[in-house]
Amino acid sequence: MAGTTRLANEAWEALFRAQATIAREFEAADIWEDVLPNEYGVLYALSAAPDGLRIKDLIDDVLLTQAGVSRLVARLEQRGLVAREDDPDDGRACRLRLTADGAVLQRRIGAEHARHVARAMTRALDREQLETLRTLTTALLDGSHA
């Protein structure tokens with residue numbers, strides 16, 4: 001057990017450091033135009049939701065607090081990138097959707113970000129390693145919901 005505990009902690013530390021290091025590289029990239037990386041995260045999440053997302057669903061997707069997401073969405077809404085609409089399933093709630101301008105911006109930044117991610121991930125990993133990493137991290141996520 002002691003060996004497993006140590007190995008688990010070493011693996012966690014390596015995963016955490018790799019993610020933090022690459023995330024800093026992405027944040028420093030000159031691709032974000034006039035949005036912050038976490039604002040882009042909201043645009044990206046909404047781009048995959050044609051029916052829009054409720055705030056609580058968005059919080060789960062972008063991994064921010066409710067207060068943080070609310071402020072961020074208000075900024076995006078003020079800039080015309082996101083719109084609130086009544087939720088047809090719940091009269092007390094609203095759904096967030098990308099506006100046409102938000103969708104255009106998300107696609108433009110997203111294309112460059114995808115190329116940057118691919119360059120960063122393939123610097124040290126080949127296709128088989130990327131597939132293994134995807135399998136392992138998906139298993140970790142699946143295990144966290146058990």
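Predicted model: local features only at pLDDT ≥ 70, side-chain atom pairs only at ≥ 80, totals over all residues.
The bridge ties together distant parts of the chain: Glu85 belongs to strand S1, while Arg97 belongs to strand S2 (residues 90-98), 12 residues apart.

Glu85 is also partly exposed, at 35% relative accessibility. If you set aside the neighbours within four places in sequence, Glu85 touches Cys94, Arg95 and Arg97. Have a look at Leu96 as well: Glu85 and Leu96 are 11 residues apart in sequence, yet their C-alpha atoms sit 6.4 Å apart in space.

## Other salt bridges

As a general point, side chains of opposite charge can pair when their charged atoms come close. How many salt bridges does the count come to here? The total is 13. One of them joins Asp34 to Arg79, with the closest N and O atoms 3.5 Å apart. This pair links distant parts of the chain too, with Asp34 in the loop between helix H1 (2-28) and helix H2 (37-47), and Arg79 in the loop between helix H4 (66-78) and strand S1 (82-87), 45 residues apart. Asp34 is exposed, with a relative accessible area of 52%, whereas Arg79 is partly exposed at 33%.

Another bridge pairs Arg119 with Glu112, where the closest N and O atoms are 3.9 Å apart. The cut-off is within 4 Å, so at 3.9 Å this pair still counts. Arg119 comes out as partly exposed at 44% relative accessibility, and Glu112 as partly exposed at 26%. Some bridges share partners, and in that way Asp34, Glu39, Arg75 and Arg79 are joined into one network.

## Helix H2 against H5

Now for the helices. The axes of H2 and helix H5 (residues 100-122) come within 10 Å and cross at roughly 105 degrees. That makes H2 roughly perpendicular to H5, because angles of 65 to 115 degrees are put in that class.

On the H2 side, the residues that meet H5 are Tyr40, Leu43, Tyr44 and Ser47. They face Leu105, Gln106, Ile109, Gly110 and His113 in H5. Sorted by type, the residues of this contact are five nonpolar, four polar and no charged.

## Helix H2 against H3

H2 also packs with helix H3 (residues 55-62), at an angle of about 115 degrees and with the axes 10 Å apart. The crossing is right-handed. Here Gly41, Val42 and Ala45 of H2 meet Leu58, Asp61 and Val62 of H3. This contact divides into four nonpolar residues, one polar and one charged.

## What is buried in H2

Which residues of H2 are buried? They are Glu39, Tyr40, Val42, Leu43, Ala45 and Leu46. Tyr40 and Leu43 are also among the residues that meet H5, while Val42 and Ala45 are among those that meet H3. Glu39 is a member of the salt-bridge network described above. The cover over the buried residues of H2 includes H3, H4, S1, S2 and H5.

Notes
Residues numbered from 1 in each chain as written. Heavy atoms only, no water. Salt bridge = Lys/Arg side-chain N within 4 Å of Asp/Glu carboxyl O. Helix = DSSP H or I, 4+ residues; strand = E, 2+ residues; numbered from the N terminus. Buried < 20%, exposed > 50% of the residue type's maximum accessible area, 1.4 Å probe, protein only. Axes fitted to C-alpha atoms, helices over the stretch in contact; angles between N-to-C directions. Parallel < 35°, antiparallel > 145°, perpendicular 65-115°, else oblique. Contact = heavy atoms within 4.5 Å. Nonpolar A, V, L, I, M, F, W, Y, C, P; charged D, E, K, R; others polar. Left-handed = near helix turned anticlockwise from the far one by under 90°.
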